[in-house]
Amino acid sequence: MRKTVNLGNGLQIGGDHFVVIAGPCAVETRELLDTVADAVAAAGAGALRGGAFKPRTSPKSFQGLGVPGLELLAAASRRTGLPVVTEVMDPRDVEVVAEHASVLQVGSRNMQNFPLLREVGRQSKPVLLKRGAAATLDELLLAADYILQEGNSQVMLCERGVRGFDPSTRYLLDLAAVPVLRQRTDLPILVDPSHGTGFAELVAPMSKAALMAGADGLLIEVHAAPEIALCDGKQALRPADFALLAAELRRLVPLCGRRWSRPQTAGQVASIQIPSGAGPVGSGSFGPGSLDDEVIAP
Ligand code: PEP
Ligand code: MN
């Protein structure tokens, strides 16, 4: 029996439900967050993502706004009706993150942070667990067991790419992980094509491929102005391109025997809005990738 994570208000993840979780890599300002939150809600996203605690390779990079960022996310959630998915890195922050968010994300760098896994297992909010960049699928499943063993059965897994040998993409998005995990677990399986490829132009094709591979949902980075993003701008879709992709996915989802899942009250938009002037998804060029697409603070 496949597990379904219920986020309330009609939003379910897993089973025959397919959900798109979208938003910026990091919460930067209220204005940028609200612009993206409104846009992804209008396009049909099921949940809002955004990091307030950011795991950055360099300590000089933007580290996230912390608790004020959580407050901006909670306000954006009230405004749009979208539940919030946000990362927690430190066991000491689990309580405050759980107060503000609907889903706690454990990022790839912390997939085997066992005290953190135990702590998110002891609280009641669902957990989105991302695969470590060098973790096997067995290791991912065992990491999920740490959470389940503490009593939290609301766990979702997320494939987000592993370290490959070719710098053409940031990571090597392992889509075969989806059907392999499907054989081994009942937990919902998501795919993150943003971190998995590192380039906005690759997000649409890999999103569609993930749906076809049987994923239960997607985690997609969207930024109102990717060129000034403090984190991961190269892989962020503009709101207009996200709307085009969401519209395409909404057409494909029923063909795959799935249902598009979103909160009943989200965005209060009856139909998909495709902003005029939106360029085709996938246009533009992309070059060699880097594992650390980071803006180093001066
Ligand atoms: C993220 O989703 O914000 C993130 C940091 O991703 P990952 O942990 O997969 O690198
Ligand atoms: Mn990111």
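A residue is taken as buried if 20 or more other C-beta atoms lie within 10 Å of its own, with C-beta atoms placed from the backbone. The model is predicted, so local features need pLDDT of at least 70, side-chain atom pairs count only at pLDDT 80 or more, and totals for chains, interfaces and linings use all residues. Residues are numbered from 1 along each chain as its sequence is written, while chains are lettered from A and ligands numbered from 1 in the order in which they are written.

The chain holds nine helices and 11 strands, where helices (H or I, at least four residues) and strands (E, at least two) are DSSP runs numbered from the N terminus. Of its 298 residues, 52% are buried. Contacts join residues whose C-beta atoms, placed from the backbone, lie within 7 Å. Among contacts with a separation of 6 or more, 71% link residues 24 or more positions apart.

Helix 9 spans residues 239-255. Its 17 residues reach 25 Å from the first C-alpha to the last, close to the 24 Å expected at 1.5 Å a residue, the expected span being 1.5 Å times one less than the number of residues. Buried in helix 9 are Pro239, Asp241, Phe242, Ala243, Leu244, Leu245, Ala246 and Leu249. These buried residues pack against strand 3 (17-23), helix 1 (30-43), helix 8 (200-213) and strand 10 (217-221).

The axes of helix 1 and helix 2 (residues 67-80) come within 10 Å and cross at roughly 35°; axes are lines fitted to C-alpha atoms, for helices over the stretch in contact, with angles from 0 to 180 degrees between N-to-C directions. Arg30, Leu33, Asp34, Ala37, Asp38 and Ala41 of helix 1 meet Leu72, Ala76, Arg79 and Thr80 of helix 2 in this contact. By class, the contact residues of the two helices are five nonpolar, one polar and four charged (Ala, Val, Leu, Ile, Met, Phe, Trp, Tyr, Cys and Pro count as nonpolar, Asp, Glu, Lys and Arg as charged, and the others, Gly among them, as polar).

Conventions: Buried ≥ 20, exposed ≤ 12 C-beta atoms within 10 Å, placed from the backbone. Contact = placed C-beta atoms within 7 Å.
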